[in-house]
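Subject: Structure handover

Hello,

Please find the structure below. My notes on it follow.

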Amino acid sequence: MKRSLNGLWPLALLGFFLAQAAHAGVVDDVRRGTNIRLNAARIHVRGNDYATGYWLLPKAANTLNLNVPARQFGVNSDLVLRLHGSSSGNVITWTFDDTLPSPYYLGSANSVTRVRGTLKALARQVRGADDPYCDSASCPHNVELVLTSGSSVKVDGYTDIVFKFNWTEDVHVRQFVAYGGVPRPRLSSMAVVTPSSRCSSPGPTELSGDVVLSSPAPTGGILVDLMSVDARVGVLPVRVPEAQRTARFTLRLPPRWTGPTVIYGASGGVRKSVKVSVPRCIAWPFAFNGWSILDAVYAPIRLLSGGSVVARYKESDVLLTAKGEAYWLTEVLRAEQVRVAGVNTTGDVFGTAYSSKGPSAFRLRADDVKAGPEVWLEGWEAVTANAHGTLLVRNPQEDKGLYRVDEVGPALLPAVSELHPRDILFNALGEAAVTLETEKGLRAARVYGKDVKVLLDAESEITALSDVGVFVGTALDENKRPRPFVWSQEEEARWLPLPKGTVSARAVAINDGGWVLGTATAEDGKTQSAFLASPDGKTALRLDDMLPEELKKAQYRVVQALSLADDFGVLALAVDGQGERVHLVLRP
């Protein structure tokens, strides 16, 4: 079943019908639940006060009927009130009319023989993380029941002084607060994704995590409590949307943080923990040990961690796994054509699916393709996404305008949209990397909120952006030759080194550890070689020198860099010893 973000207008009608099937409303949650928790009730009748609280009243599922023993109100009687429930809108009505097994003596010669009446309660969604008085996994949690107008309770009895005088007395309900609904779903699992290349960074960074519930969230969704042992690591409770089981959350790491810390999550009486730390930066040269050659029928585009490749076959895209499986995205998404816009460090694949109904932006997990898309937005085209899986989309009916997608829906990015960038990328920190067309020519720039900063005063274009805030582009140097550069708020712009024997180069990608992949060109303008530039900007390593020994012996040469994965895998175009062009996947 496809998951869609709440509030997206293209899916509003679909969402309405799905909600009717899964969660018709808060009253439906009360009906499906098996308990009602009476938190506080006080009544006054014929000069006497009766009170109770914190009682868990058992109830059969799929009904609103209740059987309430009078003893739970402190009444020493075998009376069981049989409350027959019905609903209209968000108001539940209970009616009852019960005769006591034996008269109940109130004192002063008064006895009660019968209880009857109507209770009306307004059902409303709990706005906190849980029923504040319930610490058991079996308790209802998501609906508060508060007495409303139209309630009326009476008792019949008699006064026995020589003769019996029958009377009817109103019961004054002075307090009534209860909780109903379904038990808070148990937390099934929790994980935090730490990219393989991520290491300590001079500025603040963010990581993505996931929580998974054992059952779908009730009406209005549910908050999963999150806490970090290290107070410097920011994390907030995450809401799992209604009828869904999973949600993503964000960890905010302070500058130069390495950890470790422990993140705790809790829901439904279950507590999970996950240890989080950032590994040491890889700053020294390394070699590739594993490799594979892709089938020549595919045109590879992107490489993911683990060796999976997004490739183009004819007019559409396919996901090729490291195990040799091929997932035709047209079949997975039931579309006529699929164009992947990109991948991220958390294993997401995002793009646009085209069918007779028009385009639909999507996001799916590369390691669970068969599950289908996690995000599906009809009528939109995907432009890019960040490590948290947040999409940037465009409306094909509009000439201009870029929208950021969250749980509320696509929201216009005014600053970026007004710039009309030729290229755009954005990261988990909310930064956008753009290529602008100016009076002086193309310029690479950073956009953050309303702030726009051109990265260097030279003709340039943006090519990559890391999730720790390092921008990568290609600019013309003083000799008007293209050369890769990196920029960050801590170091501003600096040129990257070129492999020996080359005079120009273009950057292709960067990982979170600061390694940049590019393609360099020799003086003749024809001979090319792919390279990796080290994070310190001092070394440019030819991929030819990093190849496994068997490829070196077979006289393979890597001539063009295509994609860099988070785990330092590289997708490249090479020429074998017979001069045949092949696509290589190299793994360290």
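Strands E19 (299-303), E23 (337-343), E27 (381-385), E31 (423-426), E35 (460-465), E39 (502-510) and E43 (557-564) each contribute at least two residues to the lining of the largest pocket. Strands (E, at least two residues) and helices (H or I, at least four) are DSSP runs, numbered from the N terminus. That pocket has a volume of about 930 Å³. Of its 39 lining residues, Arg302, Val343, Leu425, Thr463 and Ala464 are the closest to its centre. By class, the lining has 22 nonpolar, 12 polar and five charged residues. Here Ala, Val, Leu, Ile, Met, Phe, Trp, Tyr, Cys and Pro are nonpolar, Asp, Glu, Lys and Arg charged, and the others, Gly among them, polar.

On the pocket terms: on a 1 Å grid over the protein atoms alone, a pocket is an open set of points where a 1.4 Å probe fits, with protein on both sides within 12 Å along at least five of seven lines, and lining residues have an atom within 4 Å of a point. Points are joined across faces, edges and corners, and the volume is the space filled by probe spheres set on them.

This is a predicted model, in which local features need pLDDT of at least 70 and side-chain atom pairs count only at pLDDT 80 or more, while totals for chains, interfaces and linings use all residues. Residues are numbered from 1 along each chain as its sequence is written, and side-chain values use heavy atoms, with hydrogens and water left out.

The average pLDDT (the predictor's confidence in each residue, from 0 to 100) is 88, and 93% of the residues score at least 70. Over residues 1-23 pLDDT stays under 50. Where pLDDT is low, the predicted coordinates should not be read in detail.

There is one disulfide (a pair of cysteine sulfur atoms within 2.5 Å) in the structure. Cys199 and Cys281 form it, with their sulfur atoms 2.1 Å apart. Cys199 sits in the loop between E11 (187-193) and E12 (205-213), and Cys281 in the loop between E17 (270-276) and E18 (290-293), so the bond ties together parts 82 residues apart in sequence. The S-S torsion is about 95 degrees, so the disulfide is right-handed. Cys199 is buried at 6% relative accessible area, and Cys281 is partly exposed at 30%. The cut-offs are under 20% for buried, over 50% for exposed and in between for partly exposed (1.4 Å probe, protein chains only).

A cis peptide bond joins Gly259 and Pro260, with omega about 5 degrees. Arg256, in that loop, has a positive phi near 60 degrees.

Regards

Terms used:
Contact means heavy atoms within 4.5 Å.
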